[in-house]
Amino acid sequence: IAPRPHNSGHLTIDGAITSQFEQQLRAICDLPLGSPQLIAPCAMVNLLGDLWQHGEPDWPAALALSGVHLHLYGKAQARAGRKMGHLTVLADSVAQARSRALAARAALTARYEDFA
């Protein structure tokens, strides 16, 4: 048991009327739960430590895409496989959000592909 919101629901920070974090606090404090309704179709991609393999990811390149939200977890050291943050994308459709989320993650390291 993990008595905390699960990583798979982090997209609710940007994508839902009431995030999973707020819902947990409401439940613990015996307050009425908020609406879990999505604000817009959304998708989320995890940012693993592998993205730092050749240096700092290109945050401006990812954030240049419409609807992209960056969340870094403040971890001091990146390691392969370590979850360092995530990108959430809101769009007009789930397919568009998914496509843009994958493009944003790819943009983070595109400048290093010439060196691979």
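Q: Where is Ser19 found?
A: Ser19 lies in the loop that runs between helix 1 (12–15) and helix 2. Please note that the model is a predicted one.

Q: Is Ser19 buried or exposed?
A: Ser19 counts as buried, because its relative accessibility is 13% and the cut-off for buried is under 20%.

Q: What does the side chain of Ser19 reach?
A: It reaches the backbone nitrogen of Glu22, at 3.1 Å. If neighbours within four places in sequence are left aside, Ser19 is in contact with Thr12 and Ile13.

Q: And Glu22, which residue does its side chain meet in a salt bridge?
A: The partner is Arg26, with 2.9 Å from N to O. Both residues belong to helix 2 (residues 20–28), where they are 4 residues apart, about one turn of the helix.

Q: How accessible is Glu22, and how accessible is Arg26?
A: Glu22 has a relative accessible area of 33% and is partly exposed. Arg26 is partly exposed as well, with a value of 23%.

Q: How many salt bridges does the count come to?
A: The count comes to 2.

Q: What about the accessibility of Arg111 and of Asp58?
A: Arg111 counts as partly exposed, at 38% relative accessibility. Asp58, by contrast, is buried, with a relative accessible area of 16%.

Q: Now the overall fold. How many helices and strands are there?
A: The protein has 4 helices and 3 strands. Read from the N terminus, the elements follow the order α-α-β-α-β-β-α. The C-alpha trace spans about 55 × 35 × 20 Å along its principal axes.

Q: In what order do the strands form the sheet?
A: The 3 strands form an open sheet in the order 1-3-2, with antiparallel pairing. Strand 1 (42–48) and strand 2 (68–72) each have a single partner strand and stand at the edges, so one side of each lacks a neighbour in the sheet. Direction ignored, neighbouring strands are turned by 20° against each other on average.

Q: How many bridges join strand 2 to strand 3?
A: There are 5 bridges between strand 2 and strand 3 (residues 83–90). As one case, Leu70 has Leu87 as its bridge partner in strand 3.

Q: Which helix packs on the sheet?
A: Helix 4 (residues 94–107) does, touching strand 1, strand 2 and strand 3. The direction of helix 4 makes about 20° with that of strand 1.

Q: And the largest nonpolar core, how many residues has it?
A: It has 16 residues, and those with the most contacts inside it are Leu47, Leu87 and Leu108. Strand 1, helix 3 (59–63), strand 3 and helix 4 each supply at least two residues of this core. In soluble globular proteins, nonpolar side chains tend to be buried together.

Q: What does Leu47 touch?
A: Not counting residues up to four places away in sequence, Leu47 touches a list of residues including Trp59, Leu70, Leu72, Met84, Leu87, Arg105 and Leu108.

Q: Finally, how much of the protein do buried residues make up?
A: Of the 116 residues, 36% are buried. As for contacts with a separation of 6 or more, 56% are between residues 24 or more positions apart.

Conventions:
Residues are numbered from 1 along each chain as its sequence is written. This is a predicted model: local features need pLDDT of at least 70, side-chain atom pairs count only at pLDDT 80 or more; totals for chains, interfaces and linings use all residues. Side-chain values use heavy atoms; hydrogens and water are left out. Two strands pair if DSSP finds at least two bridges between them. Axes are lines fitted to C-alpha atoms, for helices over the stretch in contact, and angles run from 0 to 180 degrees between N-to-C directions. Contact means heavy atoms within 4.5 Å. A nonpolar core is a set of buried Ala, Val, Leu, Ile, Met, Phe, Trp, Tyr and Cys residues joined through side-chain atoms within 4.5 Å. Buried means under 20% relative accessible area, exposed over 50%, partly exposed in between (1.4 Å probe, protein chains only). A salt bridge is a side-chain nitrogen of Lys or Arg within 4 Å of a carboxyl oxygen of Asp or Glu. A polar contact is a pair of N or O atoms within 3.5 Å; within protein, one must be able to donate a hydrogen and the other to accept it, and residues adjacent in sequence count only if both atoms are side-chain atoms.
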